[in-house]
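Hi,

Here's the structure I promised to pass on.

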Amino acid sequence: MAECRYCEIAEKKQNLLYEDEDVLAVLPEKQAAKGHVLVAAKNHHDNIQEIDDNELEHIFYTASFAAASLFDKLEAHGTNIIAKTGSIIKKGGHFHIDVIARKSEDGLNFLWSPKRLPEDEMKEIQSKIKDKCDMIGVKKKKEVINLDRKPEKLESSEEKASEAEAKPLSKEGKKYNKTEKKQEKEDSHEDKESYLVKQLRRMP
Amino acid sequence: MQLSPEQQKAIEQQKAQCIFCQIIDGKIDSKKVYEDKLLIGILDINPASKGHVLLMPKEHYPIMPLIPPETFKQLIDKTKEVDGCVKEALLCKETTIFIANGAAAGQQSSHFMLHIIPRDGGDGLEMLDISGKEAPKEEIKEVSAKIGPHLNAVLARNLPALGFKAPAGTGQKLTKEQVLQLIDSNLQIKNIILENPEQFKQLVPKHPQLSQLFKDFDLDDILKQVRQKSKPKKPGKLSLDEAIK
Ligand SMILES: [Zn+2]
Ligand SMILES: [Zn+2]
């Protein structure tokens with residue numbers, strides 16, 4: 001596994017900021033700006049489509065909170081969140097997101113020069129993509145039918161099961177973390193407030 | 001997240017000016033490719049490349065932290081699916097997902113959105129292939145010290161509530177004092193420990209959060225200290241306390 005850059009990071013814990021079962025966050029040695037966090041999946045995937053919903057949400061939430069940390073603690077004026085979805089294998093097999101602190105006039109530019117495509121070409125692209133997207137819901141329904149169960153019942157029972165699983169955990173989580181929460185509550189409230197107020201002011 | 005009336009008002013004003021809100025309301029034409037209860041996906045009329053899709057919540061959220069969990073999760077799940085559709089439709093293997101938070105990062109509209117940008121070798125979009133400069137070790141240390149503890153605290157607090165596995169607890173180790181404080185503030189746990197310590201000792205290994213909490217400590221020692229701390233107070237003091245109340 002030593003050949004994999006990300007597994008090596010996870011092993012050596014070099015410049016590691018955060019780690020849990022699915023996700024790690026590090027400061028890469030090559031920083032695109034002062035305050036460049038790399039959030040990566042711990043598991044290997046060939047492309048983003050292979051990642052479970054839950055795992056992908058977990059990774060993106062981590063990136064979003066990393067952006068908030070850069071904003072609050074490094075006084076970033078904004079952040080970019082950028083990820084490649086396909087060539088993960090070439091890059092070492094881990095889906096990863098670059099979270100980059102931005103300041104006004106920092107000299108960086110990730111923005112493209114906008115293209116203009118002829119109207120009929122735009123229409124053609126739209127209908128091609130839309131045709132595929134129209135299948136997003138349909139595929140799922142088919143899967144449910146294949147299971148030979150009534151869709152509504154399956155969905156609701158699944159929902160209930162996951163609710164039942166989630167409830168005791170979150171309840172207890174609240175209990176045991178009470179003091180922690182109390183201690184951090186004011187702090188976090190302020191953090192969120194300041195983040196929000198500052199960001200709203202910077203809106204175009 | 002609760003917004004103050006002023007913030008709410010500011011967002012209402014943004015909404016009234018927002019092109020994307022008007023697109024979502026059907027007042028302005030767009031090239032829609034995806035829609036569900038919470039999200040809409042349209043082609044960018046000034047694309048970075050052919051098939052550039054903007055996926056966004058239908059509700060006007062100026063910044064990412066304002067997006068409620070249900071919508072955020074849906075946005076991420078559907079990013080994956082719409083991204084897959086873009087790849088299939090255009091026979092391309094690579095896309096870049098791009099988000100700008102704040103004007104300094106190039107956010108051009110106050111309506112939060114996520115870009116799905118199809119990529120191809122030599123497409124002139126190399127600025128999206130992030131590469132940095134070797135940073136001085138002191139700088140990495142400084143940034144790490146500034147954001148590391150904050151990020152860990154924020155994730156430890158938020159991820160479990162959002163339904164994700166609790167963090168492993170790196171950099172979040174509690175001291176013995178903190179564990180004792182934690183127990184002291186939690187009447188339910190405290191009572192079990194005081195009334196039935198043996199039962200509590202059996203409970204710990206079966207319970208992931210409890211076993212995590214106590215894994216670095218001698219449980220017997222902790223229990224002993226909890227009992228010592230809560231020794232019944234002298235009657236005189238108790239009545240004094242009550243008198244003060
Ligand atoms: Zn690896
Ligand atoms: Zn809007």
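Across the interface of chain B and chain A, there are 27 residue pairs in polar contact, with both residues of each pair at pLDDT 80 or more. That score comes up since this is a predicted model, so please keep that in mind as you go through the rest.

If you look at which part of chain B does the touching, start with helix H3 (residues 69–90): with 17 residues, H3 of chain B gives the most to the side facing chain A. Sorted by class, that side of chain B has 52 nonpolar, 34 polar and 24 charged residues.

Now for the charges. Between chain B and chain A the count is 6 salt bridges. One of them joins Lys84(A) to Asp129(B), and their closest N and O atoms are 3.2 Å apart.

Lys84(A) turns up in the strands, too. Its bridge partner in S4(B) is Thr96(B).

On the chain B side, Lys80(B), Ile130(B) and Arg157(B) supply 7% of the area buried against chain A, more than any other three residues. Counted by residues, the contact takes 110 from chain B and 99 from chain A.

Cheers

Notes:
Residues numbered from 1 in each chain as written. Chains lettered and ligands numbered in written order. Predicted model: local features only at pLDDT ≥ 70, side-chain atom pairs only at ≥ 80, totals over all residues. Heavy atoms only, no water. Contact = heavy atoms within 4.5 Å. Buried area = accessible area lost by both parts, 1.4 Å probe. Salt bridge = Lys/Arg side-chain N within 4 Å of Asp/Glu carboxyl O. Polar contact = N/O pair within 3.5 Å; in protein donor to acceptor, adjacent residues only side chain to side chain. Helix = DSSP H or I, 4+ residues; strand = E, 2+ residues; numbered from the N terminus. Nonpolar A, V, L, I, M, F, W, Y, C, P; charged D, E, K, R; others polar. Pairing = 2+ DSSP bridges.
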